[in-house]
Amino acid sequence: MLRLEKRPSPSAFWQKASPFLAVILTMIAGGIMFWILGKNPVEAIRTIFWDPLFNAQFASYSRPQLLVKAAPLILIAIGLSLGFRAGVWNIGAEGQYIMGAIFGAAAGLAVYPVESRLIFPAMLMAGALGGWLWAMIPAVLKTVFRTNEILVSLLLVYVAQNILAMMALGALRNPDGGGFPGSRNLSQIPAMANPEMVAGTGMHWGVVAAFMAVIAGHVLLQRHLLGFQIKLAGQAPRAARFAGVSPARLVIFCLGVSGLLAGLAGVFEVTGPAGQISIDFASGYGFTAIIVAFLGRLNPVGILFAGLLMALTYIGGELAQFMLSLPSAAIQAFQGMLLFFLLATDILTNYRIRLSQREAA
Amino acid sequence: MFGSIDPALLLAALMVNSVPIMLAATGELVTEKAGVLNLGVEGMMIMGAMCGFATAVVTGSPLLGFLGGALGALALSLVFGVLTQLLLTNQVATGLALTLFGLGLSSLIGQGYVGIKPPATGKLDLGPLAEIPFLGRALFAHDWMVYVSILLVAGVWWMLTHSRAGLILRAVGESHEAAHALGYKVTRIRFLAILFGGAMAGLGGAYISLVRVPQWTDGITAGAGWIALAIVVFASWRPWRVLAGAYLFGGVTVLQLNLQAAGSAIPVQYLSMAPYLITILVLVIMSSGRGKAALNAPACLGQNFHASR
Amino acid sequence: MKRRNLLATAALGLGLALGGGAFAQGMDKVKACFVYVGPIGDGGWTFQHHQGALAVQEAYGDKVEIAWQENVPEGADAERVLTQMALSGCNIIFTTSFGYMDATNAVAAKFPDIKFEHATGYKREHPNVSTYNARFYEGRAVQGHIAGKMTKSNKIGYIASFPIPEVIMGINSYYLHAKKANPNVELSVVWAFTWFDPAKEADAAKALIDQGVDVIASHTDSTAPLAEAAKTNGAVIGFGQASDMAEYKDGPRVSSIIDNWAPYYVKRVGQLMDGTYEQIDAWEGIAGGEVEIGEITDKVPAEVKAEAEAMRDAIAAGTYHPFTGPINKQDGSPWLAEGETAPDGDLLGMSFYVEGIVGDIPK
């Protein structure tokens, strides 16, 4: 009979090794799935994990794209992780991301066609404000009426999607677009664009912001009183209250920060990779970021790696789809498996697996 | 403003509309009452929709179809159970991964089933009841699954509040340490609750693919699982409130489409946001009025348990 | 044929200067790539594009290689997917949704030797970008005629997705021809605000049926509205949308509009092979085979069927344009004078209802 025995302290070895074990297990399980689907498993696995990084034909393009794809996930996940640590459940980052993009784009388009260096920073501030305001709805309802923030933040995603459609069709619609939905292309307007800073590197302001968020998150949690309070509130809410932590302030702070960062991610995307407000602007980053946050163990550095790994499976999955005619559903299932294994192998960090002599209790 | 909308037909429509989210939410409620947060409802629902559809098409029996749907989703929830209960993974992340996996897997299995019609699920003949003016058309002219779903809500309510099993389940959700100390097998009880939640989500999914939109297409549940999760919170973990919440949400959805069809003057864009906004609004009113209502969450919700001895 | 050849425009003049050689030269082997917005299993829009892709394979055998990617979001991911396709050696890339417009043009700028074909858009910023679309409103006219003749309650319904010109054009065409066939007809429009949500589409159909509507057309992707109509035991009829939806032939489906992209895809890939490929803005309809009217079933009386087919043939022959004046806008202001046909520009940017439709277009 197998038995789990809690380690006195987490194993440093398995902390580093378990993700690799998970990837190997996923390759085996995923390979079997691809084989059942009639594809060459070795080729499929190589296309997903190897080609985006080292294929001679693509890699010079795909590698920087990892940063582009990972940046919004990391940015949003950093914000969410603070709340999740404190027991504040913001499930609606997707809505805050959308509202950030709308506010940011609206701020820029309001002064179109003025060209000024101040416009882009102003758009960032407007976007952060938009995300923050959208997150303040569940925060205020939670602190004033004790309304559950999971429900409010989640349902507000749908409201935000409706507003997005309204904006793409109405107020923000490109007046020169012949009645078609969608705003002007912000990435083509110099004052509003968020381009690659150095061509071929993938670095845009959103990537820079994501790295800065990782550092700031790390410092906050390790060095700052507020970080301590967040951790305390999550692990021992009553003790936190005795220690003078105001739950209401914490809710406002955590939802506010995650909304603000999600909003920022929204502006960076709408001014850069996505380029415009359109009906289908939202692509699920807000939900994927929740997974990224937990894969990173709610730890800023962990989130950085988790975001990059998720981005790799997206980009590798895209390559596998059109190189090998794999259905996108197979890639989804494969990503699901990878997540399962990553989460499951973490047990080796905290527990020992023992063969026990007697029946387990 | 309600001009030409027939209330009997509206009531009838909302009863049908609400079944999938009601079933899935009732299952999730039991899971959460045991202290487990499974965010994979959407993935389990779509597996139920797929497996239910496939079973019904192959066997020609809607009844077996529902059974197949429940089993398919139950199998997926088994994965969740193994991961969270035995391997102690984080429940939120595992649930989201489950949704991703379920969406992918259902689409892979379903490739041969696009463009097929399933066998029809029969209406329940309630004889004279269906003849009652107004009420007959509104309440007593549905397929049998509508009534089964209400019975399931009633059953869960009875189980949670009047049975020993319910007491134990709630104890496990409120304090797994205490329940463990009393000799209850926390992991086993949670496992069962997860499987029940899976089976119910599967039934809800199968209702979509067999009755509400009798067909299979990729992504057919289109987010119903997320609404079910919201309804559990809305209901403050009380079964009858799940029913009320599902009817409220379903009712506003049906009403807004009816208002459009009837040519109401309210702008469409506000109508289409209405189900979400009104659900939030009602919850705000309830949670502010009754003080404790919002604080009814099981104390151990989302926390993993490992018996050290 | 209403194809507008842009050879004369300045844009293509530039194109000839830049890539004239490559344009004239044929190719022995072509890799044709397709980007889809939904899953192939949607049974509608994406499914039909994929059918077109398979037709290309069938037509040219091992002289072409096809590759595709489904479920590509229209936001930030499109440009990357397109670039990776271009890098993988595609010679021609079909981007099959409106939302890929800017990404298509951006990537086309970086790969001047690769041909890009964007469906339903209007931007051709580079000589290697062509656009193509189908005149679905022609099919809507035939549907409208059948609807007007078939309704007993004089109430017909339309399940719309988003208020964009493409959809509004379809509603107007449907209504105008229903009204012509039956002056008492009233149209109810329900906006679902989604392209694909079977349960919601079914609810919308139910709402229309509850309002007494007995003919339903839809501009969303699933067969759910037909499935809902099927529950009325023949009292309500509807139409297949995007694909034939033949499985409902013995039920409510009396006809359909089929998006048939195969002729266009086969033609364009063929042109690339024999060296006659040119930048175009294609907008073909029934005549070009892109819009097909699915079989009209026996539920429709023979004379109505004959009228509908005559209309279809007249549109195909170019003797009838579904938007022929006099037509007023909803507010009563004149749009088309007697005998005048709608200019393509008006249609492509259409943002108003025609006279007689009740309700507002959501803004």
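# A guided tour of a predicted three-chain model

Begin with chain C and select C:Asn71, which sits in the loop between strand 3 (64–69) and helix 3 (77–87) of chain C. The model is a predicted one. Although C:Asn71 is not a glycine, its phi is positive, at about 55°. Most residues other than glycine have a negative phi. C:Asn71 counts as buried because 22 C-beta neighbours lie inside 10 Å, and the cut-off for that class is 20 or more.

Next, select C:Asn154, in the loop between helix 5 (136–150) and strand 7 (155–160) of chain C. C:Asn154 is not a glycine either, and has a positive phi of about 60°. Is C:Asn154 buried or partly exposed? C:Asn154 counts as partly exposed, because it has 16 C-beta neighbours inside 10 Å.

A further stop in chain C is C:Pro326, in the loop between helix 10 (302–317) and strand 14 (327–328) of chain C. Display the backbone here: the peptide bond that joins C:Gly325 and C:Pro326 is cis, with omega at about 5°.

## Chain C as a whole

Of the 363 residues, 60% count as buried. Among contacts in chain C between residues at least 6 apart in sequence, 66% join residues at least 24 apart.

Colour chain C by its domain assignment: domain 1 takes 4–134 + 260–284, and domain 2 takes 136–258 + 323–348. The C-alpha centres of domain 1 and domain 2 of chain C are 30 Å apart. Where the two domains touch, twelve residues come from domain 1 of chain C and twelve residues from domain 2 of chain C. On the domain 1 side, helix 2 (residues 45–60) of chain C gives the most, with three residues. That side of domain 1 of chain C divides into five nonpolar residues, six polar and one charged.

## From chain C to chain B

Show chain B beside chain C. The contact between them takes 35 residues from chain B and 28 residues from chain C. On the chain B side, the elements that give two or more residues are helix 1 (7–33), helix 9 (186–212), helix 11 (239–261) and helix 12 (268–289) of chain B. The side of chain B that touches chain C has 16 nonpolar, 15 polar and four charged residues.

Inside chain B, select helix 7 (residues 164–174), whose buried residues are B:Leu169, B:Ala171, B:Val172 and B:Gly173. These buried residues pack against helix 1, helix 6 (144–162), helix 8 (176–181) and helix 9 of chain B.

In helix 9 of chain B, select B:Ile189. B:Ile189 is buried, with 22 other C-beta atoms within 10 Å. Leaving out residues up to four places away in sequence, B:Ile189 touches B:Ala34, B:Ile168, B:Leu169, B:Val172 and B:Tyr184.

## On to chain A

Select A:Ile74, A:Ile76 and B:Ile231, the residues with the most contacts inside the largest nonpolar core, which has 304 residues. Helix 7 (residues 149–169) of chain A gives the most to this core, with 17 residues. Around A:Ile76, the contacts beyond four places in sequence include A:Ala93, A:Tyr97, A:Leu261 and A:Tyr285. A second, separate core of 44 residues includes A:Phe322, C:Val81, C:Ala119 and C:Val129.

End at A:Pro113, in the loop between helix 5 (93–110) and helix 6 (119–145) of chain A. The bond joining A:Tyr112 and A:Pro113 is a cis peptide bond, with omega at about 0°.

Methods. Residues numbered from 1 in each chain as written. Chains lettered and ligands numbered in written order. Predicted model: local features only at pLDDT ≥ 70, side-chain atom pairs only at ≥ 80, totals over all residues. Contact = placed C-beta atoms within 7 Å. Helix = DSSP H or I, 4+ residues; strand = E, 2+ residues; numbered from the N terminus. Nonpolar A, V, L, I, M, F, W, Y, C, P; charged D, E, K, R; others polar. Domains from an automatic or database assignment. Buried ≥ 20, exposed ≤ 12 C-beta atoms within 10 Å, placed from the backbone. Core = buried A, V, L, I, M, F, W, Y, C linked by C-beta atoms within 7 Å.
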